[in-house]
Amino acid sequence: KYGFGSVGFNFLISAFGIQWALLMQGWFHSLDPTDGKIKIGVESLINADFCVASALISFGAVLGKVSPVQLMIMTLFEMTLYAVDEYILLNVLGARDAGGSMVIHVFGAYFGLAVTRVLYRPRLEQSNNTSNYHSDLFAMIGTLFLWMFWPSFNSAISHHGDGQHRGAINTYCALAASVVTSIGLSSLLEKKGKINMVHVQNATLAGGVALGTAAEMMLSTYGALIVGFIASTVSTLGFIFLTPLLERYLKVQDTCGVHNLHGMPGIIGGIVGAITAAVATEEVYSAEGLRHRLAIVTGCPVSRAASRAQLCVSLLPSGWWEEPSWVLF
């Protein structure tokens, strides 16, 4: 029953959201102080698309319970909060999140879950939230397109050169592991060994979500395969066991299962990115690689830290202080 709404409202949110996203991100990132104008380029359009993606993720949680006007209001507020969240995470804290595991997926998923909890409808007809042969077929086509283009999604705004190269390769390996894992688990846990198309349409993409933060880092091929396996396992088990529990005990009606595809794999992605960045060394990345990929200043006692906001011992000018002081870069 929600098929027309899911396609049509997606179109509406995308067209409306990208306009507001260009303004919001422009004010935070592209505003030229000399003339007061927002400079827009290809990367600005890509980042605006990423911003709208978080709203589309949230829409998956509230599908079937909101009108077009309500969706536009939700998108307006979410785009604003997204820009603030992105600025704090990337500019203030100095984190690296090229594929948006934290900024896009986690934010979009839990924003949508919060909205759907507020809009809880105890008598919502669950028979409306089912699929048929044709809807599953068209949804599977969308999954295939996402699977093919996810490597470019994770590497689009990575540092040009090695970073983008690693981003595409790591994401591809993680996605491949996700497909094998999700189909195997679905067949193992479903009745009579049948494969559930919901798992194939969603959990096969969990590896791409979980690798968003660490895609451009030296994760290695086997590391990407492990991340894809873990993310797909968590996603598939979430669809089978966790989604019914969320609705029964927390009154969270997650129509499209965004918690399983975007929420939990996004958290995994943030953890993987933090661990991978924490063990980064100059021997592996080189001094230039650390500056470009991880924004780490070498030569400091904590050069293995994961962000630009790191503490380095620095001697202040003579007469200002008598002992070494910790300076936050």
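**Annotated spans and helix packing**

The unreviewed UniProt entry carries the annotation "transmembrane region" for residues 7-28, 102-120, 132-149, 169-189, 196-215 and 221-242. The coordinates to which these spans are compared here belong to a predicted model. In that model the chain has eleven helices and four strands, and 44% of its 329 residues count as buried. Among the contacts with a separation of 6 or more, 71% are between residues 24 or more positions apart.

Residues 102-120 are 89% helix and 0% strand, with end C-alpha atoms that lie 26 Å apart, while residues 169-189 are 100% helix and 0% strand, with 30 Å between the end C-alpha atoms.

Helix α4 comprises residues 101-118, and its end C-alpha atoms are 25 Å apart, which agrees with the 26 Å that its 18 residues should span at 1.5 Å a residue. The buried residues of α4 are Ser101, Val103, Ile104, His105, Phe107, Gly108, Ala109, Phe111, Gly112, Leu113, Val115 and Thr116. The elements that cover these buried residues include α2, α3 (68-92), α5 (133-155), α8 and α10.

Helix α2 is itself mostly covered, with 15 of its 21 residues buried. Just after α2 comes Gly64, whose phi is positive at about 95 degrees.

Positive phi values also occur in residues other than glycine. Lys192, with phi near 60 degrees, sits in the loop between α6 (162-189) and α7 (197-202), and it is exposed, because its relative accessible area is 80% and the threshold for that class is over 50%. Ser220, with phi near 75 degrees, belongs to the loop between α8 (206-210) and α9; at 29% relative accessibility, Ser220 counts as partly exposed.

Helix α9 (residues 221-249) packs against helix α10 (residues 258-278) at an angle of about 140 degrees, with 8 Å between the axes. The arrangement therefore makes α9 oblique to α10, since only angles over 145 degrees count as roughly antiparallel. The crossing in which α9 passes α10 is right-handed. On the α9 side the contact is made by Val227, Ile230, Ala231, Val234, Ser235, Gly238, Phe239, Leu242, Thr243 and Leu246, and on the α10 side by His259, Asn260, Leu261, Met264, Pro265, Ile268 and Val272.

Which residues does Ser232 contact, leaving aside its neighbours within four places in sequence? Ser232 is placed in helix α9 and is buried, with a relative accessible area of 0%. With those sequence neighbours set aside, the residues in contact with Ser232 are Ser178, Thr181, Ser182, Ala203 and Ala206. Val179 is 53 residues away from Ser232 along the chain, yet the C-alpha atoms of the two are separated by 7.8 Å.

Definitions and conventions: Residues numbered from 1 in each chain as written. Predicted model: local features only at pLDDT ≥ 70, side-chain atom pairs only at ≥ 80, totals over all residues. Heavy atoms only, no water. Buried < 20%, exposed > 50% of the residue type's maximum accessible area, 1.4 Å probe, protein only. Helix = DSSP H or I, 4+ residues; strand = E, 2+ residues; numbered from the N terminus. UniProt positions renumbered as here; feature names shortened; annotations may be inferred. Axes fitted to C-alpha atoms, helices over the stretch in contact; angles between N-to-C directions. Parallel < 35°, antiparallel > 145°, perpendicular 65-115°, else oblique. Left-handed = near helix turned anticlockwise from the far one by under 90°. Contact = heavy atoms within 4.5 Å. Expected span 1.5 Å × (residues − 1).
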